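I set out to record what I looked up in this structure, entry by entry. The entries go from the whole chain to single residues.

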Amino acid sequence: MPEQPRPLDADTARDLAPPAVAPDPPASPEPPAPPDILQRDVQRWLAYERTHLANERTYAAWLRTGLSVAAMGIAVAHFLPGEIRTPAVTLSLGAGFVVAGVVLIAFGAWRYGRTHGDLLKSGGRTRLLAPKLVYIVAGFLAALLVLVLLLV
């Protein structure tokens, strides 16, 4: 006669039970909603501000470079050794460097004005450092550099 199965104790029943089914993973999050109109306007405004500030930094670099070249011309004109220091040589060397510095300043001002105009065409607004002020500063510095070269 076949043997009768014996009843399972609690530990054996737990070991033989099928594993509990894990819950389904949470659904993927909703995709982000497209930015609303206000957020897009803020992003556009920030992009304009970044570009404008980069334009001002670039102009400042041109201005520094032009002033450095012109100052080097004034220094060269005044600190040449005695044997080659004649009025013609000092004035021509000094004037050459000052003119190069003035050209760099003028080019930087022109480039700033052109980029500023492009920004205004794209919907920006004018700033404190408007091109007219830049041109006035560049002209004043150029006149001052020539005056310093001639008087000193």
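**Basis.** I worked from a predicted model, in which local features need pLDDT of at least 70, side-chain atom pairs count only at pLDDT 80 or more, and totals for chains, interfaces and linings use all residues. Residues are numbered from 1 along each chain as its sequence is written, and side-chain values use heavy atoms, with hydrogens and water left out.

**Fold.** I looked up the secondary structure and found 4 helices and 0 strands, in the order α-α-α-α along the sequence. Helices (H or I, at least four residues) and strands (E, at least two) are DSSP runs, numbered from the N terminus. Of the contacts (heavy atoms within 4.5 Å) between residues at least 6 apart in sequence, 77% join residues at least 24 apart.

**Burial and surface.** I noted that 22% of the 152 residues count as buried. Buried means under 20% relative accessible area, exposed over 50%, and partly exposed in between, with a 1.4 Å probe and protein chains only. The chain exposes about 11,300 Å², and carbon and sulfur atoms supply 69% of this area. Accessible areas come from the Shrake-Rupley method with a 1.4 Å probe; for residues, only the protein chains shown count as cover.

**Core.** I looked up the largest nonpolar core, which has 14 residues, with Y59, V98 and L145 making the most contacts inside it. The elements that give two or more residues to this core are α2, α3 and α4. Such a core is a set of buried Ala, Val, Leu, Ile, Met, Phe, Trp, Tyr and Cys residues joined through side-chain atoms within 4.5 Å. Beyond four places in sequence, Y59 touches I105, G108, A109, Y112, V134, V137 and A138.

**N55.** I located N55 in helix α2 (residues 37-78). N55 counts as buried because its relative accessibility is 3%. Leaving out residues up to four places away, N55 touches R111, Y112, T115 and H116.

**R125.** I found R125 in the loop between α3 and α4. Its relative accessible area is 43%, so R125 is partly exposed. Beyond four places in sequence, R125 is in contact with W45, Y48, E49 and L120. The C-alpha atoms of R125 and E49 are separated by 10.0 Å, and the two residues lie 76 residues apart along the chain.

L91 is in helix α3 (residues 87-121).
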